[in-house]
Amino acid sequence: MAVNGILLGAGGGGSTVVAHKITLTTAGWADNQQTVTLTGVSADEDSQFILPTPAAASRTMYNDCDIQCITQAANSLTFSCATVPIDALSVYILLMDVTLS
């Protein structure tokens with residue numbers, strides 16, 4: 001099945017999907033960016049679909065602060081914000097291995 005040019009279930013074995021929950025701490029922001037360590041993140045953005053979604057209790061502040069996941073590297077994600085949040089935020093991260101078509 002292809003979704004926006006991404007082939008899901010490549011190789012007949014299906015895609016590997018893993019969910020994590022991270023915390024963006026108030027002290028972790030420097031120059032409106034925060035990098036978190038997350039085992040399993042690939043440095044190759046063409047091989048993995050990453051979907052960050054704030055937890056319900058963090059959603060309003062996450063959106064109001066315009067938080068975005070801007071960079072991935074081996075085992076890490078970097079987030080940016082327009083305004084540094086005043087509270088720690090919980091964010092669910094979905095990692096899905098993919099093959100581009």
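Trainee: What should I know about the model before I look at single residues?

Mentor: The model is predicted, so local features need pLDDT of at least 70 and side-chain atom pairs count only at pLDDT 80 or more, whereas totals for chains, interfaces and linings use all residues. Residues are numbered from 1 along each chain as its sequence is written, and side-chain values use heavy atoms, with hydrogens and water left out.

Trainee: What is the average pLDDT of the chain?

Mentor: The pLDDT is the predictor's confidence in each residue, on a scale from 0 to 100. Here the chain averages 89, and 86% of the residues score at least 70. Over residues 1-8, however, the pLDDT is below 50, although this stretch has 17 contacts in the model beyond near neighbours in sequence; a contact means heavy atoms within 4.5 Å.

Trainee: Is Leu38 buried or exposed?

Mentor: Buried means under 20% relative accessible area, exposed means over 50%, and partly exposed lies in between, with a 1.4 Å probe and protein chains only. Leu38 counts as buried because its relative accessibility is 6%, and its place is in the loop between strand 4 (33-37) and strand 5 (48-54). Strands (E, at least two residues) and helices (H or I, at least four) are DSSP runs, numbered from the N terminus.

Trainee: Which residues is Leu38 in contact with, leaving aside its neighbours within four places in sequence?

Mentor: Leu38 is in contact with His20, Ile22, Asn75, Ser76, Leu77 and Ile93. The C-alpha atoms of Leu38 and Asn75 are separated by 4.9 Å, although these residues lie 37 apart along the chain. Ser76, in strand 7 (residues 76-80), is buried too, at 15% relative accessibility.

Trainee: Which residues touch the most other members of the largest nonpolar core?

Mentor: A nonpolar core is a set of buried Ala, Val, Leu, Ile, Met, Phe, Trp, Tyr and Cys residues joined through side-chain atoms within 4.5 Å. The largest one has 17 residues, of which Ile22, Leu24, Ile67, Leu77, Phe79 and Ile93 touch the most other members. Strand 3 (17-24), strand 7 and strand 8 (89-97) are the elements that give two or more residues to this core, and strand 8 provides the largest share, four residues.
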